[in-house]
Amino acid sequence: MPIAYAFARRGGDRHLRCVRPSEHEVWVEKTSTGLARRFDVIAVEDLKIRTMTRSAQGSIAEPGSNVAAKAGLCRSFLAAGWGPLVARLQQKAPGRVVKISPAYTGRRCSACGIVDREARESQARFGVPVLRGTPAMPM
């Protein structure tokens with residue numbers, strides 16, 4: 001990643017200083033470049049990040065519950081960098097990024113399209129009982 005240079009005000013004088021990109025910015029650049037080069041169409045969930053990271057603090061009349069847990073969850077959402085990645089993808093692959101509704105994406109089978117709550121056995125394992133044992137869904 002090239003190093004950019006910027007002028008900073010320090011004591012009334014202008015000094016040239018080095019501006020290094022953060023590790024997160026480098027990750028966004030590398031990931032978006034790889035995705036834009038490898039795929040013709042890139043589908044991303046249209047997540048409402050601002051709504052997802054809204055504070056759970058509440059008000060004086062109605063204080064929130066589990067505020068510390070929600071704050072930690074919000075930090076992890078923001079640290080994941082979904083927003084900057086999607087924005088950079090749209091710049092690098094204009095017209096090829098498709099935003100899909102996030103509703104039921106964790107329950108929808110990619111092979112047949114069926115939406116079934118019982119099909120998700122665990123966070124990592126998903127399988128529609130009808131398809132198990134077929135070429136689409138091996139045991």
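**Reading the structure from one arginine**

Arg-88 is partly exposed, with a relative accessible area of 25%, where partly exposed covers the range between buried (under 20% relative accessible area) and exposed (over 50%), computed with a 1.4 Å probe on protein chains only. The model that contains this residue is predicted, so local features need pLDDT of at least 70 and side-chain atom pairs count only at pLDDT 80 or more, whereas totals for chains, interfaces and linings use all residues. Residues are numbered from 1 along each chain as its sequence is written, and side-chain values use heavy atoms, with hydrogens and water left out.

The chain has four helices and four strands, which are DSSP runs numbered from the N terminus (helices are H or I with at least four residues, strands are E with at least two). Along the sequence these elements follow the pattern β-β-α-β-α-α-α-β, and buried residues make up 17% of the 139 residues.

If neighbours within four places in sequence are left aside, Val-97 is in contact (heavy atoms within 4.5 Å) with Ile-42, Val-44, Leu-89 and Gln-90.

Side chains of opposite charge can pair when their charged atoms come close. A salt bridge is a side-chain nitrogen of Lys or Arg within 4 Å of a carboxyl oxygen of Asp or Glu, and the structure holds four of them. In one, the side chains of Arg-88 and Glu-29 meet at 2.6 Å, N to O; because Arg-88 lies in helix H4 and Glu-29 in helix H1 (residues 23–38), this pair ties together parts that are 59 residues apart in sequence. Lys-92 also forms a salt bridge with Glu-29, with the closest N and O atoms 3.1 Å apart, and this pair, again between H4 and H1, ties together parts that are 63 residues apart in sequence.

Elsewhere, Asp-46 and Lys-99 meet in a salt bridge at 4.0 Å, N to O. Since Asp-46 lies in the loop between S3 and helix H2 (49–52) and Lys-99 in strand S4, the pair ties together parts that are 53 residues apart in sequence.
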